[in-house]
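This report examines selected local features of one protein model. The sequence and structure are shown first, and the description follows.

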Amino acid sequence: MHRSILALLLVLSTNVLADSNACKNLVRLTDFNLALEPGQIIDATDSTPEYCHVRGVINRATRFEVTMPVNWNGKFMFSTVGGFAGTIGDVTSLLPSGFAMASTDTGHELAEGAEFLKQPEASLDYAYRGVHLATVAAKKIIHTYYKQDIDFSYLRGCSNGGRAALMEVTRFPTDYDGVIAGAPVYAFSEFIPWAISVARAIREHPLDMDTLDVLAANSASACDTLDGVEDGVINDPRLCTDELLNLDALVCPDNATKGCLTPGQLETVKTIYGDLKDDQGNVVSPGVLPGAENAGDWAFWTFPNNALGFDGTPVVENMFGFLSNVMRHHPGFDVNKYDPANDAANIARELAPFDSDDPDLAEFKANGGKLIIYQGWNDFPLRPQRAFDHLQSVQQAMGDSSVDDFFRLYMVPGMTHCAGGPGAWMTDYVTPLVTWRESGEAPDRIVGAQTGKPIPFPHLMVSPAGTQERAFTRPQCVYPKIAHYKGSGDDADASNYICGVPGNTSE
């Protein structure tokens, strides 16, 4: 008996030593293009198992990290980063579930702002190459450490991270078996004109939190109950028309300064809600849909702030520098004279490397890939109409009947940019994606939750009046379907909702 226990202890100690050595010796994968630090075993905590942590650099600039848990499930998850990137994303959250994880800063530091765009290689690393090269390196490290192949590779990200996710789908379609792209920046060539138009409007007539409270109350009063449920969420903001909003009625009467809009602020608000159109009436960029105006998105993008490395000016103001750097080889270009409504074509060629709206997903599908895109109806910077345009372009390129087999879009009522807002935005997309890819069970609806408790995010500046105080669950439906309340039962329970196309309440 004692000999058996001793033998077991010797085996266990040998395995721990072997794991430690294997982790440390990953440094031997260093070559001309890849520089690795010796891996380190990180001790388990209450929330994270023991894991091997490796840090490295590709091509002297692109930092990345890989984490590998002791009880590996054969799966790999890569986390892409939002904004201008420049930081390492999540590499620990799925370790308890057995995933190996990785992320990259895409080749520059966040403190650089948009200056990295002046360096051709750094610019393309941000656009798409950094994630691909880090993916290749991470897979090599994981294979070497575990001495076996990865069963399934997944990737997830939101905003710029969602754009980077779609870049993998279109430009490197065999890198991943399943991809979650949240609120992706489909096209900088659309986003930049919109941002500059908004920036100029708020320069002339800035908004404040009182203004946003007025707008949110107005939208809710006009449109919250259009779906038959009063919950602080506009279920389908497309139904919240200009006539229902009646914005002109919000202008301050004589001597009033609170609870209303100045004529100038009304002009700014109409610019934001309205489509940006060229002189021929073509929509260059769609407007922001009504709802959740004081839930943090509007304020973060239009108020001065220093969050996430921004420079104390409204975030939309940073797009002037972004565009100037991208267009630096065009001597006649002056960003201050740029007409966002009519000059979009003039910047499209230089922004093309960053755009992820290629509708040809045939190679990804042929490789067995599955794609989930999710988008908040009340996303301020990445208005959801572009998600509809992208889906339609994919359907046209590949045929309507084939798209649902591998690509599904979920629209989230009351969600702001990537997370937050009064809707049921807290959602696990990983489990449905994994089940879909590995078992073939497609997710017809995914249940999200709203806790009714404030959760701070660095990319949101929420008004005290903009916090949701009600807890509930809702189904997220495959677009174009939306959730309809059955008319009976607890309206806070997702089980009492069905997914149907607008105007039709049957499943």
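## Tyrosine and phenylalanine pairs

Tyr 429 is buried, with 7% relative accessible area, where buried means under 20%, exposed over 50% and partly exposed in between, for a 1.4 Å probe and protein chains only. Tyr 374 is likewise buried, at 11%. These two tyrosines form a stacked aromatic pair, with 4.3 Å from centre to centre and 10° between the planes. Rings of Phe, Tyr and Trp (its six-membered ring) pair if their centres lie within 6.5 Å; planes under 30 degrees apart are stacked, over 60 edge-to-face and the rest tilted. The pair links distant parts of the chain, since Tyr 374 belongs to strand β11 (residues 370-376) and Tyr 429 to the loop between β12 (407-412) and α14 (430-439), 55 residues apart. Helices (H or I, at least four residues) and strands (E, at least two) are DSSP runs, numbered from the N terminus.

The model is predicted: local features need pLDDT of at least 70, side-chain atom pairs count only at pLDDT 80 or more, and totals for chains, interfaces and linings use all residues. Residues are numbered from 1 along each chain as its sequence is written, and side-chain values use heavy atoms, with hydrogens and water left out.

The whole structure contains 28 aromatic pairs. In one of them, Phe 84 and Phe 322 have ring centres 5.7 Å apart and planes at 20°, so this pair is stacked. Phe 84 lies in the loop between β5 (75-79) and β6 (100-104), and Phe 322 in helix α9 (residues 318-326), 238 residues apart. Phe 84 is buried at 12% relative accessibility, and Phe 322 is buried at 0%.

## Arginine over tryptophan

The charged end of Arg 383 sits over the ring of Trp 194, 4.2 Å from the ring centre. Arg 408 is placed over Trp 436 with its charged end 5.5 Å from the ring centre. A charge sits over a ring if NZ of Lys or CZ of Arg is within 6 Å of the ring centre and within 35 degrees of the ring normal.

## Packing of helices α4 and α7

Helix α4 (residues 188-204) packs against helix α7 (residues 263-273) at about 170°, with axes 9 Å apart. Axes are lines fitted to C-alpha atoms, for helices over the stretch in contact, and angles run from 0 to 180 degrees between N-to-C directions. The two helices are therefore roughly antiparallel, a term for angles over 145 degrees.

Ser 197, Val 198, Ala 201 and Ile 202 of α4 meet Thr 268, Thr 271 and Ile 272 of α7, contact being heavy atoms within 4.5 Å.

## His 417 and Ser 159

His 417 is in the loop between β12 and α14 and is buried at 4% relative accessibility. Leaving aside residues up to four places away in sequence, His 417 touches Ser 159, Ala 183, Asp 297, Asp 379, Pro 381, Leu 382 and His 459.

Ser 159 occupies the loop between β7 and α3 (160-171) and is buried, at 12%. Although not a glycine, Ser 159 has a positive phi of about 65°.

## Further backbone features

Most residues other than glycine have a negative phi, and most peptide bonds are trans. Ala 292 also has a positive phi, near 55°; this residue lies in the loop between β10 (283-285) and α8 (297-302). The peptide bond from Tyr 479 to Pro 480 is cis, with omega near 20°.

Note on methods: Angles under 35 degrees count as roughly parallel, over 145 as roughly antiparallel, 65 to 115 as roughly perpendicular and the rest as oblique.
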